[in-house]
Amino acid sequence: MRVDISKKNILGDGVTDYTVALQNMIDMLSGNGGGELYFPAGTYLTGSLYIKSNITINLGSGAILAASGNDELYPVITQDEVPGFTRGTRRGILYSIGEENITIKGEGIINGGGKNWWNSGMDDGERPRTVQFIRCSRIRIEGISIINSPCWTVNPICCTDVVVSGITIRNPYESPNTDGINPESCKNVRISDCCVDVGDDCITIKSGLETDILQKQSPCENITVTNCTLIHGHGGVVIGSEMSGGIKNLFADNNTFDSPTLNYALRFKTNAERGGAVENIYLRNSKVKSVGNAVVHATMLYDVGRDGSYLPQFKNITIENLTSSGGEYGIFMEAFEEVPIPGLVFRNVNISNVGTDIRALNWEDPVMENVTINGKTYPHPVETKILGVPVPGQRIE
């Protein structure tokens, strides 16, 4: 069943708040087994809409679904609704819990009305995400553009089978905590062909805060990130810092990073309060045109650093076919002495015009093949001591 909302006396005048009318239509379609709600060209003001199973939201060309400036239309998510979800976040503009088969698509725009929230004095834990689905399955977000998110932009939590394809996200570079795409404790996620230009991290894989440790937060696992263009922001493809449940099986391929105000291209960040293991990470064919700080950056000292009882882990990380120019560091990776980084592989890496080649702390038997930084090949000896008399044809150790 397909409903064109303009046929139901919902007009995109940019003035009238249609929260109740739109929610009634979603409920009606759901009651009939599901269907598509089509928005023609126009600007439609709304508060938080609860998207039910088997519903498609189709934003046509020229359609703008715009967030109302009334914060009462975005109720706070309670512990009763989502046990273990401790942030006190308000409901997203498009929001759902425990539903399935949801599609958000089209050529139109969702305007999160971020300015109403950025200057409100609320911290990032209280501002709504733009699109937020919790414990849902079979989610598709395709083609749309999202601008001016109040906080994180697309934030599936504990969801399975999520596809985010061909979307564009643009939040002002100065906007606070406006991450682009943040799957949290999700399973089977595909992110492809997206353009992300934001005020914080572009694509971030997460799995829970330190306050979620006792809730046994699930890992975020089986994620692909391909053919994306990542522009302004703190980090391009990022793991953490919320990673108490761990991150595993991430494959990122053929992504482009392009802005001197992008601090890091590939980044891992955690601390001893959050713990969690980052494992089986494969980053390939990364084209880094420019970054401000480090091309590859990993630290266990993020925020509170060693002040905690849950030591994190980084292991089995492969980075290959990486080209980059510019930045303060080429490769910056540091771990605690008790949990060094095993299974670290750099292959076919060429980084130029960086201030410092490498910051390596507590790497365990790394493999470096065809790695060149600032014209120097790695690994190379810092000093050499030869025992015995060299003999032609024999190996020197």
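Two strands count as paired if DSSP finds at least two bridges between them. Strands (E, at least two residues) and helices (H or I, at least four) are DSSP runs, numbered from the N terminus. The model is predicted: local features need pLDDT of at least 70, side-chain atom pairs count only at pLDDT 80 or more, and totals for chains, interfaces and linings use all residues. Residue numbers start from 1 along each chain as its sequence is written, and side-chain values use heavy atoms, with hydrogens and water left out.

**View 1**
Strand β3 covers residues 35-39. It pairs with β6 (residues 55-59) through 5 bridges, and the two run parallel. Gly 35 stands opposite Ile 55 of β6. Strand β1 (residues 2-4) also pairs with β3 in the parallel sense, over 3 bridges. There, Arg 2 faces Glu 36 of β3. Of the 5 residues in β3, 5 are buried, so the strand is largely enclosed by the rest of the structure. Buried means under 20% relative accessible area, exposed over 50%, and partly exposed in between (1.4 Å probe, protein chains only).

**View 1. The open sheet β5-β8-β11.**
This sheet has 3 strands and parallel pairing. Its edge strands are β5 (49-50) and β11 (131-134), each pairing on one side only. Leu 49 has Leu 94 of β8 as its bridge partner.

Ser 290 lies in strand β25 (residues 277-290). Is this residue buried or exposed? Ser 290 is buried, at a relative accessible area of 17%. Neighbours within four places in sequence are left aside here; beyond them, Ser 290 is in contact with Phe 257, Asp 258, Ser 259, Pro 260 and Ser 325. Contact means heavy atoms within 4.5 Å.

**View 2. The chain behind the close-ups.**
The chain has 2 helices and 34 strands. Its radius of gyration is 23 Å, close to the 21 Å that the globule rule gives for 397 residues, so the chain is as compact as a globular protein of that length. The radius is taken over C-alpha atoms, and the rule is 2.2 Å times the number of residues to the power 0.38. Along its principal axes the C-alpha trace spans about 90 × 40 × 40 Å. Buried residues make up 55% of the 397. Among contacts between residues at least 6 apart in sequence, 74% join residues at least 24 apart.
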